[in-house]
Amino acid sequence: MTHVLVVGGGPAGLTAALFAEKNGLDATVFDTDETWMHKAHLFNYPGVGSVDGSAFLETLRTQVDSFGVDREQDTEISAVSESDGGFVVETGDGEENEGDYVVLATGANRDLAESLGCAFDGDVVDVDVTMETSVEGAYATGAMVRAEEWQAVISAGDGAAAALNVLSEEKGEHYHDFDVPADAEETFGAFGEE
């Protein structure tokens with residue numbers, strides 16, 4: 001089965017994992033829990049009136065967990081490299097994990113993208129509209145691809161764009177993750193809850 005490796009557990013990484021897993025791909029998130037969300041309070045996130053960043057993050061984690069995402073909490077990735085038809089991420093303790101795609105969602109830290117050989121445009125990782133880097137199958141999101149536009153909602157959109165492109169690649173056609181009320185009822189019951 002297709003496996004999407006996600007490095008970073010903020011809005012971009014968790015959204016990429018959510019979209020991938022929800023639509024039939026295996027996703028693993030490696031998260032050090034150093035996201036800027038712990039310093040944020042959201043007043044400008046559509047659909048959210050006012051919420052502490054850490055509380056928002058816990059809700060998002062619960063959501064990805066409900067879809068079966070493998071979340072490797074408090075796990076640092078020290079290296080990312082290409083392998084036969086995919087990628088290998090190495091944890092700080094030397095454990096290797098293989099996947100078909102990698103989504104880098106490490107905030108403004110661009111070290112892994114640089115070591116992977118991704119092209120840069122000035123100080124930011126160069127990506128196309130799908131968030132794919134110059135390394136085929138490797139995606140970069142959020143603050144690593146933007147000089148100053150560091151917003152949770154932008155990062156979440158970047159993560160969604162990356163996952164939708166992976167899904168389109170895997171399904172051989174443009175893929176859209178668009179649910180209707182009947183989908184929610186079938187999955188979660190009458191009120192959209194488990």
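Where does M144 lie? M144 sits in the loop between β12 and α4. Helices (H or I, at least four residues) and strands (E, at least two) are DSSP runs, numbered from the N terminus. This is a predicted model, in which local features need pLDDT of at least 70, side-chain atom pairs count only at pLDDT 80 or more, and totals for chains, interfaces and linings use all residues. Residues are numbered from 1 along each chain as its sequence is written, and side-chain values use heavy atoms, with hydrogens and water left out.

**M144 and its surroundings**

- M144 is buried, with a relative accessible area of 0%. Buried means under 20% relative accessible area, exposed over 50%, and partly exposed in between (1.4 Å probe, protein chains only).
- M144 touches L104, A105, T106, G107, A108, N109, R110, A113, V124 and V125, not counting residues up to four places away in sequence. Contact means heavy atoms within 4.5 Å.
- The C-alpha atoms of M144 and S66 are separated by 28 Å. These two residues are 78 residues apart along the chain.

**Salt bridges of K22**

- The count comes to 7 salt bridges. A salt bridge is a side-chain nitrogen of Lys or Arg within 4 Å of a carboxyl oxygen of Asp or Glu.
- One of them joins the side chains of K22 and D177 (2.6 Å, N to O). K22 lies in helix α1 (residues 11-22) and D177 in the loop between α4 and α5 (181-188), so the pair ties together parts that are 155 residues apart in sequence.
- K22 also forms a salt bridge with D179, with the closest N and O atoms 2.8 Å apart. D179 is in the loop between α4 and α5, so its pairing with K22 in helix α1 ties together parts that are 157 residues apart in sequence.
- K22 is partly exposed at 26% relative accessible area. D177 is buried at 18%. D179 counts as partly exposed at 42%.

**D33, R61 and their network**

- D33 forms a salt bridge with R61, the closest N and O atoms being 2.4 Å apart. D33 lies in the loop between β2 and β3 and R61 in helix α2, so the pair ties together parts that are 28 residues apart in sequence.
- Salt bridges that share partners join D31, D33, E58 and R61 into one network.
- R61 is buried, at 6% relative accessibility. D33 is partly exposed, at 27%.
- Leaving aside neighbours within four places in sequence, R61 is in contact with L14, D31, D33, H38, R71 and Q73.

**Positive phi values**

- Most residues other than glycine have a negative phi.
- D33 has a positive phi, near 65°.
- D74 also has a positive phi, near 60°. D74 is in the loop between β5 (70-73) and β6 (77-83). At 60% relative accessibility, D74 counts as exposed.

**A negative surface patch**

- E82, E136, E169 and E170 form a negative surface patch. Such a patch joins like charges within 9 Å, using residues with over 30% relative accessible area and no salt bridge.
- E136 lies in the loop between β11 (124-125) and β12 (138-140). E136 is exposed, at 68% relative accessibility.
- E169 lies in helix α4 (residues 152-171). E169 is partly exposed, with a relative accessible area of 48%.
- The C-alpha atoms of E169 and A143 are separated by 25 Å. The two are 26 residues apart along the chain.

Technical notes. Patches are made of residues with over 30% relative accessible area and no salt bridge: like charges are joined within 9 Å, nonpolar side chains (Val, Leu, Ile, Met, Phe, Trp, Tyr) within 5 Å. Accessible areas come from the Shrake-Rupley method with a 1.4 Å probe; for residues, only the protein chains shown count as cover. Lys and Arg count as positive and Asp and Glu as negative; His and the chain ends are not counted. The place of a charge is taken as NZ of Lys, CZ of Arg, CG of Asp or CD of Glu.
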